[in-house]
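Here is a short report on one protein structure.

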Amino acid sequence: MSSIPEDLYPSEEDFLYEEEVLRNPNSFKLWWRYLIARSGSPFKKRSIIYERAVKALPGSYKLWHAYLRERLEIVRNLPISHQQYQALNNTFERALATMHKMPRIWIMYLQVLTQQKLVTKTRHTFDRALCALPVTQHDRIWEYYLVFVSQKGIPIETSLRVYRRYLKYDPSHIEDFIEFLINSERWQETAERLSGVLNDGQFYSIKGKTKHRLWLELCDILTQHATEISGLNVDAIIRGGIRKFTDEVGRLWTSLADYYIRRNLLEKARDIFEEGMTTVITVRDFSVIFDAYSQFEESMLSIKMEGSNDSEDEVNEELEEEEELDDRLDIEKLTERIGSFWFKDENDVDLRLARLEYLMDRRPELANSVLLRQNPHNVEQWHRRVKLFEGNPTKQILTYTEAVRTVDPMKAVGKPHSLWVAFAKLYESHNDVSNARVIFDKAVQVGYKAVDHLASVWCEWAEMELRHKNFKGALELMRRATAEPSAEVKRRVAVDGNEPVQMKVHKSLRLWTFYVDLEESLGTLDTTRAVYERILDLRIATPQIIINYAMLLEDNKYFEDAFKVYERGVKIFKYPHVKDIWVTYLSKFVKRYGKSKLERARELFEHAVEMAPAESVKQLYLQYAKLEEDFGLAKRAMRVYDQATKAVPANEKLGMYEIYISRAAEIFGVPKTREIYEQAIESGLPDKDVKTMCVKYAELEQSLGEIDRGRALYKHASQFADPRSDPDFWENWNNFEVKHGNVDTFREMLRVKRSVSASYSQTHFILPEYLMQKDQLQTLEEAKDVLKKAGVGDDEMEALERRLLPLSGGGELAVKESGGRKRVGFVSAGTQQKDGGEDETGNREEIELPEDESDDDDEDNPTVEIAQKEIPSAVFGGLARKRDELEKDAEENKDSDEQLGALERIKRMRRAKE
């Protein structure tokens, strides 16, 4: 027996603890205090204390746990082959003798064994732990057990058995087992387990996978590993998924076909592709299947073509050998040669190539079939299907037959009658009119949703008869179509309660319009009138039919009957539909009778304008006034125009007043228009129209020489013209004052402009940038251009400029700009700078008049000319004529008494100084 090293013996400091544990060895506190006190001692010395403690207290979990943790720290950095691991395992075994109900001890031991790669011992220890612990704590052990069996190097069979045992404990973790099987490439059991999961109606995925996703995983496994899986009805499984999951139909069909391809059942795969293309209802699924099908055919064709090249070389070599050896009596050789005939030839490249071309040619037809499966009542898709078979009448007839049988007119999308019409035209295009009539006869018996559909069929049938010169047949068809059902038929339909369109078609306006056109072309006047009267009796007439009926009677010289038809029309219809009837009626009546029945025409016009709304009355008033001008009295015409200006809406009043003025000027002369202008200005027109009317009135007065009246009109209109948004008006007034005014009137115009601008200062307009930047003030050079256009010479303009230069020192009419130009019409706002650089304050309220240059001029020219402003003639009434006559006599005696403009007065002053 080896001696114990001295350093492991208790020291003097340990005597106190030793005495306590010897006195009371079963006290856990004394042993724990002893271990804490010696926490800095070497492990060997502490291990002796631990051994003594667990020997005295074998059931203490805290002592065993602390001891085992320290031993784990010792071996942490050691290789698994070190002998310390064996000592650690022994310690765990000794601890489990009493701690076998403690899962934490078992987990620590199992982790150590897993780290040591001791497969058998670890598996046995896991089994012991599961046997020792209660079931409620097994989940803590299984977590580490599954990690252990999932490691590399563990036999697959062992792992499978452990997983199967675990699924008995907790079946909800079957997805973990399926993932393990997939990683282990156990495809047979994977497919079986997935099938079981999908068949379990109560299954709930703990990983959040849906049944749809599990179906797709199963389909992928079944198709990609078709040769390794047996015992499952793959066809039924995938077809079940196709019925259940409609959003992945194309992928499932291709998966099923892929399964048969991997099983080398190529013809069966082709049948699956065909079945899939003829059953899917979405274009996306069809595209998936068609692309996979075409790729399959191309790959098979390429394989066959590669194999055919090799087989041809072998066959050629065999034929050469057979030619050398005459073995016609050799049975085996004969059998081989018979097997090489064309009907047993495996080289079917041409057949596969034709099959691929046929598939590509069928793509439009197959795609159209998909759309028709989505909605078999889609008329447009049926027409497109027929176009696919263009050049093949048999297929087109079969398609039309299928279409008219399939499409329900009540559910149809589009016009179902167009199928019947196109069907009949197909026969007609091939000169089979009898069969076309049969088709039309069946078409008119179909219960359409709308009456117009049935009417269209009747019209198409009649047009076909017309194209084949069967005029009587066309008329007979129209009579048959427009015939009213008998009372017996109406009573029978009323009992059924579901009225078909055939009971309403006799009131179809389309049918009657076509019928009356036929009668006008092919029938007599009496039959045509009978048709028109029938239309009126049925109350289905339109304004155009009324006009057509009247025109027909007028062409046949039945004028009074035509006017009676117009009368019936205006009684039947209201505005706005009756407007065309009134206009046509009145124009025809006036054209027919003219002056002979003037009173009757007036009554008609009065009735027409009385019934018409304001929006439609203008044209009637113009016709009425034209009647009075041509055949009546001018005063009555003026009265009609006056009534029209009050009856039309506000937006048309200006135009009506312009017509009124132009006609009055032409009939009564220009002075007569003054009353109309004044009436228009005071009639409540919009501000914009009042301004326009004032400007035109001012131009009239200007042309008549009434300058003051024109100026008064400009002043009145100025309140409606904002200088910022309506510069044209102020430019016109400016030109007017330059031509006809003087300094005072020009200043008055500027004052009015400032006041109007101030009144509009609170109103904000959004103006274009070029208007905001445009300088509205007139420069001196621009004024000179105006004078030059008026015929003033350069010398006179220079003299005028010198006369205006003194006014630039702060006056209102001219201010010197930075560029040396003078601005005429500028009003100083305050301080202005002279040429010398000094500032001069301008008084806005001060009115500066041009001063004479010297007193001598006053002596030489003692007479002062004062501009006179005429009082408007409206003030004096009849006295104005006498005043005009006196003024005319005075003008003949004294030319100097003429009213002078500003330009003429300046010229005379200049001549007087010279």
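## Aromatic rings

Phe126, Trp142, Tyr145, Phe148, Tyr166 and Tyr169 form one aromatic cluster in this predicted model. Rings of Phe, Tyr and Trp (its six-membered ring) pair if their centres lie within 6.5 Å; planes under 30 degrees apart are stacked, over 60 edge-to-face, the rest tilted. By this rule there are 35 aromatic pairs.

One of them joins Tyr714 and Trp733: the ring centres are 6.1 Å apart and the planes lie at 10 degrees, so this pair is stacked. Tyr714 belongs to helix H38 (residues 707-717) and Trp733 to helix H39 (residues 727-740), so the pair ties together parts 19 residues apart in sequence. Buried means under 20% relative accessible area, exposed over 50%, and partly exposed in between (1.4 Å probe, protein chains only). Tyr714 is buried, at 3% relative accessibility. Trp733 is buried too, at 2%.

## Charges over rings

A charge sits over a ring if NZ of Lys or CZ of Arg is within 6 Å of the ring centre and within 35 degrees of the ring normal. Lys268 lies over the face of Tyr260, 5.7 Å from the ring centre. Lys597 lies over the face of Tyr593, at 4.1 Å from the ring centre.

## Helix H25

Helices (H or I, at least four residues) and strands (E, at least two) are DSSP runs, numbered from the N terminus. Helix H25 spans residues 471-481; its buried residues are Gly473, Ala474, Leu475, Leu477, Met478 and Ala481. They pack against helix H24 (451-467) and helix H27 (509-522). At the start of H25, a side-chain oxygen of Asn470 comes to within 3.1 Å of the backbone nitrogen of Gly473.

## Cysteines

Across the whole structure, zero disulfides are found (cysteine sulfur pairs within 2.5 Å). Cys131 is exposed, with 69% relative accessible area. Cys694 is buried, at 1%.

## The whole chain

The protein chain holds 47 helices and five strands. Of its 914 residues, 40% are buried. Among contacts (heavy atoms within 4.5 Å) between residues at least 6 apart in sequence, 55% join residues at least 24 apart. The chain exposes about 53,500 Å², by the Shrake-Rupley method with a 1.4 Å probe. Carbon and sulfur atoms supply 50% of that area.

## Basis

Residues are numbered from 1 along each chain as its sequence is written, and side-chain values use heavy atoms, leaving out hydrogens and water. Local features need pLDDT of at least 70 and side-chain atom pairs count only at pLDDT 80 or more, while totals for chains, interfaces and linings use all residues.

Terms used
A polar contact is a pair of N or O atoms within 3.5 Å; within protein, one must be able to donate a hydrogen and the other to accept it, and residues adjacent in sequence count only if both atoms are side-chain atoms.
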